[in-house]
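Subject: A structure for you to look at

Dear colleague,

I am passing on the structure below, with a short account of what was found in it. Please read the account with the model open beside you.

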Amino acid sequence: MSDTAIHARGQSLPARGSGAVWLAAFGGLLIVAMLVSLGLGRLSIPLPTVAAIVGHLALPVPESWTVLEERVVLLVREPRVLLAALSGAGLAMCGAALQGIFRNPLVSPQILGISPGAAFGGALAILLGHAGVVLIGSSFVFGVAALVTVGLIARIDGRTETATIVLAGIIVGALFSALVSLLQFVADPDSSLPAIVGWLMGSFASATWPRLALAAPAILIGVIGLFFLRFRVNVLSLGDDEARSFGVSVERDRWIFFILVALTTGAVVSVAGVIGWVGLVVPHAARLLVGEDHRILVPASGLLGGAYLVTVDTISRTATAAEIPLSVLTAIIGAPVFAILLRHSWRKEHAR
Amino acid sequence: MSLSTLRAALLAAGAVFAGASAVQADPVTTTDLNGRTVTLDKPAERIVMIPIPSSSTVIALDGTTDHLVGMHPLSKSAIEEAILGEFFPDAKDIASDIIASGGSSGFSPNVEAIAALRPDLVVQWGHQGEDIVAPLTNAGLTTALIQYGTEEKARDIIKLLGTLIGKPEKLDEIIAWRDDTTAKIEAGLEGLSDEDKPSVLYLLRAQTELRASGTGSYNDFYINLAGGKNAAAELQGLKPVNAEQVAAWNPDVILLNGFESELDVSRIYDDPILGATNAAISKRVYKMPIGGYRWDPPSQESPLTWQWLATLLHPDLFDFDIRGEITGWYAKLYGQTPTAEQIDGILRVSMNGGGANYDRFLAD
């Protein structure tokens, strides 16, 4: 399925200037989303108070708020907003890079088996009574293991077809989903089972500064790595033979990306559970606006993904007294958006 | 083998399979919680309990574990880990491999394992679909269905089980205790205005995620009965919430579930947000006690839950002698007298002892 790649080459790359404008716009969107999210919550705190609470850390603002208000803003909302922004950026950049590398608009960390693998790793850690570093490490290791398995299954006679990768991803994903069910089956219904179920549903409700500190390094390594290697996505998206003719070691580069993606996804899954759709839908939305050049597309997806997940998480924690599971919202919002994008791009391609 | 010995053997086998047919007893007919008619030739003597909390109800009605031949693995572990295990050491020999999964999840019956126990009564959930009931009825097992949720259903369960095992006096006594306790609490709360009712938050989960009990839950029922207001009344049923929502409700009292075994009241006191609520500041965070069964869901011991909670919510209105009630009623329910240490364990004194007004539950 190389339609995308053909179009990538057929389309003139957008001028760098317009790319910078888009990046600035998405960056502004992310900052606005984060500020709005910081000001909203179930505990109604007036906006000026929120601003004063955040500002008093650096500026001499007279303290006119309760301890509870300060703690809610600084210890609940701030780490949660930052974690949502970082996770959204990470997942969307992973999706953008994978879609480019595989020259397939359908791949995402979820379809390649990384998320189910990481989910299994995390569930296993919870079942064995671990949290924190072990949970993150286990998510990461099994995320990578799932991806390696996909790579091995899909590689036939030294060639890796995109269709076989997607199919292999579905196979491995199904296997790990079954293993997660097996863990739930043996888990203690009074203690570890609800912990596993709640964690798998995906939520930033338990975000704290220590959790953020635990996950942020891994996500940041992924995000920064993907950012600096974004031009290589362009090269890899040309296809193996052409990429090799540029003197690129295709296999090695691909693995570098796989490790970055697994690190990011594993870290996100470990602190927030499996969050679907962000890695799939956001890169498509970004691509419609900024074009196919991954030098712009990868960072644009990151900024847009951060803004998207912060917005969705804000709805999740403020819409009702009960927390709405994130994956439910990302899918309810993501599925129609994806359907519209699909029709839009299909029509555009066939109009040419 | 002569014809007469063969006939005797067949008769003996028939007698075993039909139960002790020589004993003359009146047939029992009643209606279960799904409105089905249940008929037994005589009061049940070999009972298999698939729903988790009700095994202890059978023990309480019967005063013995002798007629319980099979129960859910989680009922068994709950009994073994708590005071009923000390009262009835033989309970560890009761079969628990009655769930189709072979493990402890779900309520789908392992029909062959259950049939092998030759039960004259199998009790199953009636609100979780026909799929977990049909295998039992198709196998010809006499099945009674019960449903979880309200106080009314809890009473119906006690009446149903008491009727089926032939203990009408005991069931009347247990029901009268519920009526009596309800009346005492309502009389004590007479004239109490809404502003004087503390807001109470029951957390079904608190260890990793927070899950609150909203309107329609059994916890909501006894919070209101005991003279409180459910802080999470805007929720329907059991829902996940975040710490900020708890801060926004700012409950006066927080009740921690008795299910999460490692959950401690320090989870609330040490949390920067939950620890800033009225409940934490005034030291009114309590973990639910665990007696013959956990005091959170409805059981034969519910009046103890109500008295305990009413005393904590309105220490100036109520002065229930919880320790005395436990001693008196455990003798009636289980035929056993708990020691002072056992009562401390039931009331979780080591954990709750530092809470406000808990001193009145301590031994003299």
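Which residue of β6(B) is the bridge partner of B:Val122? The partner is B:Thr143. Before the rest, please note that this is a predicted model, in which local features need pLDDT of at least 70 and side-chain atom pairs count only at pLDDT 80 or more, while totals for chains, interfaces and linings use all residues. Residues are numbered from 1 along each chain as its sequence is written, and chains are lettered from A and ligands numbered from 1 in the order in which they are written.

Strand β5 (residues 121–125) of chain B pairs with β6(B) in the parallel sense over four bridges, where strands are DSSP runs of E with at least two residues, numbered from the N terminus, and pairing requires at least two DSSP bridges. Both strands belong to an open sheet of four, ordered β4-β3-β5-β6 in chain B with parallel pairing. Because β4 (68–71) and β6 of chain B stand at the edges with a single partner strand each, one side of each is left without a neighbour in the sheet.

Within β6 (residues 143–146) of chain B, B:Thr143 and B:Leu145 point one way and B:Ala144 and B:Ile146 the other, and all are buried, that is, 20 or more other C-beta atoms, placed from the backbone, lie within 10 Å of their own.

Best wishes

How values were computed. A residue is buried if 20 or more other C-beta atoms lie within 10 Å of its own, exposed if 12 or fewer, and partly exposed in between; C-beta atoms are placed from the backbone.
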